[in-house]
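Please open the model in a viewer and keep the sequence panel in view.

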Amino acid sequence: FFPIRHLWSQGELLKLFVSITLFLWGVLASFLLFFSGRSLLRTITLPLFLFFYLFNIGYFTTASAPLDFQQADIIVRNFRWFVREALENYGLSVLPILFTFIPAVLFTEFLPRLSKLDLPRILYLVPISAVVLTTIGLVYTNGMFDRYPSFFRVPSMLAFVGLSSVYDGQRSKVDYRDPLNAQVEKIVLIVDESIRADILGINGYTTGTTPYLSSLQTGLVNFGLAAAASNCSDYSNLILRTGVQKGVIPDEDQVTLKVPTIWQFTRKAGYYNVYIDAQSPAASTTYQNFMNPNEAYFVDDMIRVRQDAAYESDRVALEKLAAYLRKPGKTFIMLNKYGIHFPYFRSYPEAFDLYRPALEPGEPMYDRERSLNSFMSGIRWSVDDWFRTLLAERGAYKPYVIVYTSDHGQNIVDDGTLATHCRPRATRFEGMVPMMVLSSEKAVLDRFETVRAASHNRTNHFQVFPTLVELAGYSEAWVKDHYGPSLYDCPDSAPEFFVGDLHGRGSVRRWVSILPTAPRKE
């Protein structure tokens with residue numbers, strides 16, 4: 001009932017009336033889908049309607065929620081990025097549903113004759129029209145009212161995503177006129193993939209998944225558990241690069257796509273900009289996470305290093321990062337790691353299969369123990385050993401500050417479902433990410449250390465951008481006035497992440513706390 005309550009509270013009575021009318025039309029269309037007279041049009045299109053219906057059931061079994069705008073957007077716009085992994089991770093879970101497809105089609109095809117209702121064939125145009133009308137309804141309400149029968153809701157949602165567009169033009173310029181005084185020569189933002197903070201040994205996890213990081217006595221300030229901006233990769237990365245604050249979300253005016261990015265700030269401060277992407281192959285010419293050519297214009301060196309053996313991608317990225325840390329000159333580097341993307345067993349080599357029993361290749365994540373063991377092996381390889389290798393040469397690096405976090409956390413069968421993140425009914429673990437600062441500069445670390453205790457387990461992604469801008473030399477007062485508190489400050493809000501489309505499309509929009517007892521907020 002949330003869409004009804006929302007439209008009513010906003011005074012959108014015409015949208016509410018149209019939406020409820022279309023819902024009732026969809027209910028009628030569902031009846032006629034089964035019982036209108038047989039025809040060639042019905043024979044051809046009926047399997048499609050039943051496919052969408054079973055597809056929605058299959059999605060529900062993996063995510064414990066109906067298909068929403070976010071997931072439809074991933075399917076339409078990012079299909080090539082995840083189809084192999086999704087089939088491998090979830091495929092077996094929906095096989096029982098697929099086995100019912102042909103029997104369901106055959107039964108429904110002959111249902112009008114079995115029912116003896118003798119309804120005219122022409123009435124089948126009602127289900128056909130329902131797809132068009134519900135698509136119009138989704139566009140009219142920007143997806144806010146999407147409570148239609150899944151025969152029509154799923155194709156209409158996919159069509160709505162295809163019809164939706166986001167701003168991809170020029171970004172505004174940096175409007176800053178005060179002096180610039182850089183705090184450090186090398187500024188690095190590392191955004192890992194799918195790292196759930198409470199399973200790191202350094203954050204108190206009972207299994208020692210991070211023995212190296214836990215042993216560090218100097219050079220590291222650990223803020224513990226932090227809240228991502230979103231439980232979806234693209235939204236979190238966009239917030240990290242633009243610094244848009246919580247009050248703007250949901251961002252229906254697409255401010256996140258129009259304001260200056262971190263690259264523009266660092267270039268203005270005299271930094272050479274480097275982007276290392278361990279999730280895209282070297283031959284790729286496309287962008288991800290809402291980056292486009294207008295943003296990439298401010299990146300001086302874009303390096304894509306995704307390897308055929310996925311777990312090697314971060315090691316190649318490490319070599320590129322280390323090489324830049326050795327070079328003299330002011331440099332800003334953003335690294336998107338490959339991390340521990342599902343299926344987890346692809347994220348580490350056989351030698352790091354340390355926790356057993358674990359998932360085998362092709363095995364869906366039904367078993368929590370196996371899934372968790374595979375994830376912990378990934379932590380040892382992709383986080384702990386990765387930093388051990390990177391910091392082994394830190395004596396050769398120029399003065400640096402590294403801000404380390406992840407795009408989102410993971411649901412590791414915590415609620416009995418297979419979906420790991422980016423779900424409309426998110427668990428708190430999907431937005432639970434690490435937040436650490438590593439540096440060769442004691443004065444910088446001391447400033448972070450002064451607020452660490454008060455900020456422990458309470459920081460968030462919205463503090464990262466102002467931290468980077470301050471490190472690049474922008475006035476602390478100006479940054480706080482325009483972008484809110486940095487990691488130098490105590491957070492000014494609860495550690496929570498946004499669930500739903502960042503740009504306000506669809507009916508899902510809520511903040512979820514990473515704390516165990518905090519309720520969800522719509």
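How many of the residues of helix H18 (residues 464–471) are buried? Select this helix: 8 of its 8 residues are buried, and H18 is mostly covered. Here buried means under 20% relative accessible area, exposed means over 50%, and partly exposed lies in between (1.4 Å probe, protein chains only). Helices (H or I, at least four residues) and strands (E, at least two) are DSSP runs, numbered from the N terminus. Among the buried residues of H18 are Val 464, Phe 465, Thr 467 and Glu 470. Just after H18, select Gly 473, which takes a positive phi of about 115 degrees.

Two remarks apply to every stop. This is a predicted model, in which local features need pLDDT of at least 70 and side-chain atom pairs count only at pLDDT 80 or more, while totals for chains, interfaces and linings use all residues. Residues are numbered from 1 along each chain as its sequence is written, and side-chain values use heavy atoms, with hydrogens and water left out.

**The largest cavity**

The structure holds 2 cavities of 30 Å³ or more. A cavity is a set of points, on a 1 Å grid over the protein atoms alone, where a 1.4 Å probe fits but cannot get out; lining residues have an atom within 4 Å of a point. Grid points are joined across faces, edges and corners, and a volume is the space filled by probe spheres set on the points.

Select Tyr 275, Asp 277, Ser 280, Thr 286, Tyr 287, Gln 288, Met 302 and Arg 304, which line the largest cavity. Strand S3 (272–281) and strand S4 (301–306) are the elements that give two or more residues to this lining, and S3 gives the most, with 3 residues. About 40 Å³ of space lies in the largest cavity. Its lining has 3 nonpolar, 3 polar and 2 charged residues. In this classification, Ala, Val, Leu, Ile, Met, Phe, Trp, Tyr, Cys and Pro count as nonpolar, Asp, Glu, Lys and Arg as charged, and the others, Gly among them, as polar.

**The second largest cavity**

Next, select Gln 70, Asp 73, Ile 74, Cys 232, Asp 234, Tyr 235 and Cys 422, which line the second largest cavity. About 30 Å³ of space lies there. Helix H4 (69–77) and helix H12 (233–242) each supply at least two residues of the lining, and the largest share, 3 residues, comes from H4.

Remain on H4 and select Ile 75, which has its place in this helix. Is Ile 75 buried or partly exposed? Ile 75 counts as partly exposed because its relative accessibility is 23%.

**Backbone stops**

Most residues other than glycine have a negative phi, and most peptide bonds are trans. Select Ile 249 and Pro 250: a cis peptide bond joins them, with omega about 5 degrees. Pro 250 lies in the loop between H12 and helix H13 (262–268). Gln 254 is also in the loop between H12 and H13, and its phi is near 55 degrees, a positive value in a residue other than glycine. Because its relative accessibility is 13%, Gln 254 counts as buried.

Finally, select Arg 356 and Pro 357, where the peptide bond is cis, with omega near 0 degrees. Pro 357 is found in the loop between strand S5 (331–336) and helix H16 (368–391).

Conventions: 1 Å grid on protein atoms, 1.4 Å probe; cavity = no way out; pocket = protein on both sides within 12 Å on 5 of 7 lines; lining within 4 Å.
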